[in-house]
Amino acid sequence: RGDETGLYTGTNVLNEATLDRFSVVEVDYVSEKQEAKIVHTRTGLALKEAEKLVKAATEIRSALDRGDCFATLSTRRLVAWGRFAVALGSVQKAYGLAVRNKLSPEDREFFDGVIQRVVGIAV
C-alpha cells in the first residue's frame with residue numbers, strides 16, 4: 001500500500017486501482033539461525049560474529065514494531081556490515097560505515113545501546 005510511517009520519504013500510498021495490478025505477498029524474516037548462516041556465507045564473517053549481528057537485528061526489529069525506534073536492520077544491511085567487518089578487520093569500524101552513519105541521531109543512540117549490549121563493541 002505504500003509507506004504511511006514516514007520511514008521512506010518521497011514514497012506515496014498506492015491507490016486501489018494501482019494495487020489491483022499487483023499480487024501482494026507479505027514475507028517475514030528468516031529464522032535467526034538461517035539469517036546468521038546467510039551473513040556468514042555471503043561475507044566470510046565468523047559464524048559466532050554473524051549470530052551476534054543477527055541477534056542485535058532481531059532486537060532492533062522488535063523495537064521498531066513497538067515504536068521504540070524508527071529504523072531497522074535488514075538482512076542486506078547485515079551483509080554489508082559483515083563485508084565491511086571482514087575487509088576492515090573490525091566489526092566496530094564496520095558498524096559505523098554500514099549502519100550507524102545512516103541513522104538519525106535518535107536512532108543512532110538507540111542502536112548504539114543495543115549493539116554495545118548484544119554485539120559487545122564499544123560505540
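Biologist: What does Glu49 form a salt bridge with?
Modeller: Glu49 pairs with Lys52, and their closest N and O atoms are 3.5 Å apart. A salt bridge here is a side-chain nitrogen of Lys or Arg within 4 Å of a carboxyl oxygen of Asp or Glu. This is a predicted model, in which local features need pLDDT of at least 70 and side-chain atom pairs count only at pLDDT 80 or more, while totals for chains, interfaces and linings use all residues. Residues are numbered from 1 along each chain as its sequence is written, and side-chain values use heavy atoms, with hydrogens and water left out.

Biologist: Where do Glu49 and Lys52 lie?
Modeller: Both are in helix α3, three residues apart, which is about one turn of the helix. Helices are DSSP runs of H or I with at least four residues, strands are runs of E with at least two, and both are numbered from the N terminus. An α-helix has 3.6 residues a turn, so residues three or four places apart point the same way.

Biologist: How many salt bridges turn up in the whole structure?
Modeller: The search finds five. One of them joins Glu35 and Arg61, with the closest N and O atoms 2.7 Å apart. Glu35 is in helix α2 and Arg61 in helix α3, so this pair ties together parts that are 26 residues apart in sequence.

Biologist: And are Glu35 and Arg61 buried or exposed?
Modeller: Glu35 is buried at 1% relative accessibility. Arg61 is buried too, with a relative accessible area of 9%.

Biologist: Back to α3. What span should it have, and how far apart are its ends?
Modeller: Helix α3 covers residues 47–66, which is 20 residues. The expected span is 1.5 Å times one less than the number of residues.

Biologist: What comes after α3?
Modeller: Gly67 follows α3, and its phi is positive, near 90°.

Biologist: Which residues of α3 are buried?
Modeller: They are Ala50, Leu53, Val54, Ala56, Ala57, Ile60, Arg61 and Ala63. The buried residues of α3 pack against α2 (32–43), α4 (75–88), α5 (91–98) and α6 (105–118).

Biologist: How many residues are in the largest nonpolar core?
Modeller: That core has 29 residues, and Trp81 and Phe111 have the most contacts inside it. Helices α2, α3, α4, α5 and α6 each supply at least two of its residues. The largest share is from α3, with seven residues. A nonpolar core is a set of buried Ala, Val, Leu, Ile, Met, Phe, Trp, Tyr and Cys residues joined through side-chain atoms within 4.5 Å.

Biologist: What is Phe111 in contact with?
Modeller: Leaving aside neighbours within four places in sequence, Phe111 contacts Ile60, Cys69, Ala71, Thr72, Leu73, Tyr95, Val99 and Leu103. Contact means heavy atoms within 4.5 Å.

Biologist: Next topic, Asp112. Which residue is its salt-bridge partner?
Modeller: The partner of Asp112 is Arg100, and the closest N and O atoms are 2.8 Å apart. Asp112 lies in helix α6 and Arg100 in the loop between α5 and α6, so the pair ties together parts 12 residues apart in sequence. Asp112 is buried at 11% relative accessibility, while Arg100 is partly exposed at 24%. Not counting residues up to four places away in sequence, Asp112 touches Tyr95, Arg100 and Val123.

Biologist: What about Val119, where does that lie?
Modeller: Val119 is in the segment after α6. At 5% relative accessibility, Val119 counts as buried. Val119 and Val54 are 65 residues apart in sequence and 9.3 Å apart in space, C-alpha to C-alpha. Beyond residues up to four places away in sequence, Val119 touches Lys52, Leu53, Ala56, Trp81, Val91 and Val114.

Biologist: Last one, the surface. Which residues make the nonpolar patch?
Modeller: Phe84, Leu88 and Leu97 make a nonpolar surface patch of about 250 Å². Patches are made of residues with over 30% relative accessible area and no salt bridge; like charges are joined within 9 Å, and nonpolar side chains (Val, Leu, Ile, Met, Phe, Trp, Tyr) within 5 Å. Accessible areas come from the Shrake-Rupley method with a 1.4 Å probe, and for residues only the protein chains shown count as cover. Phe84 is in helix α4, and Phe84 is partly exposed at 34%.

How values were computed. Buried means under 20% relative accessible area, exposed over 50%, partly exposed in between (1.4 Å probe, protein chains only).
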